[in-house]
Amino acid sequence: DDIAGNENVFHAVPFSPENLLPGGSATDTLRLRNDGTATLTIATLDFSGSTGAECDAGNAGDEFTPSIAGVTAGVTTIAPGAFVDATLTVALALGAGNSCQSAIYGLVLAVGVTS
């Protein structure tokens, strides 16, 4: 769905880091593919639309934290017809309490591009 001219909203295969213990992390591969005709540069990588990261009110800050490796905003380019594989990681804070064991974390990664 083209919202403002330079982003795409999609639904990927569910990423389910089941049985993630405090201090642990889970990883998965995310493929970014350019189906267009112009070379694209990754301009922004934004996790701010994610939900449920604060699952333990007694612990300061977000307990679930996402990160991505293998792509860098302003540096990574993708030629037409090509793709880049990135590593998506979700970590659960060491101090996360029992309330996080049944928490549902909605991970959203918005990727902005320029051509």
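Reader: What handedness does the link of Cys-55 and Cys-100 have?

Author: Right-handed, with 90° about the S-S bond. Keep in mind that this is a predicted model.

Reader: What makes Cys-55 and Cys-100 a disulfide?

Author: Their sulfurs sit 2.0 Å apart. The cut-off is within 2.5 Å, so the pair counts as a disulfide. A search of the whole structure turns up 1 such link.

Reader: Where in the chain do Cys-55 and Cys-100 lie?

Author: In distant parts: Cys-55 belongs to the loop between β2 (40-46) and β3, and Cys-100 to the loop between β5 and β6, 45 residues apart. Cys-55 and Cys-100 are both buried.

Reader: OK, on to the rings. Why are Phe-64 and Tyr-105 called stacked?

Author: Two values settle that one. The centres are 5.0 Å apart, and pairing asks for within 6.5 Å, so Phe-64 and Tyr-105 pair. The planes make 15°, and under 30 degrees counts as stacked, so that is the label they get. By this rule the count comes to 1 aromatic pair.

Reader: Which parts of the chain does the pair of Phe-64 and Tyr-105 link?

Author: Distant ones again: Phe-64 is in strand β3 (residues 64-69), while Tyr-105 is in the loop between β5 (83-92) and β6 (110-114), 41 residues apart.

Reader: Are Phe-64 and Tyr-105 buried or exposed?

Author: Buried, both of them. That label takes under 20% relative accessible area.

Reader: How do you know that Arg-31 lies over the face of Phe-83?

Author: Arg-31 is at 3.7 Å from the ring centre of Phe-83. The distance limit is within 6 Å, so Arg-31 meets that part of the rule. The rule also asks for a position within 35 degrees of the ring normal, and Arg-31 is listed as lying over the face.

Technical notes
Residues numbered from 1 in each chain as written. Predicted model: local features only at pLDDT ≥ 70, side-chain atom pairs only at ≥ 80, totals over all residues. Heavy atoms only, no water. Phe/Tyr/Trp six-rings, centres within 6.5 Å; stacked < 30°, edge-to-face > 60°. Helix = DSSP H or I, 4+ residues; strand = E, 2+ residues; numbered from the N terminus. Buried < 20%, exposed > 50% of the residue type's maximum accessible area, 1.4 Å probe, protein only.
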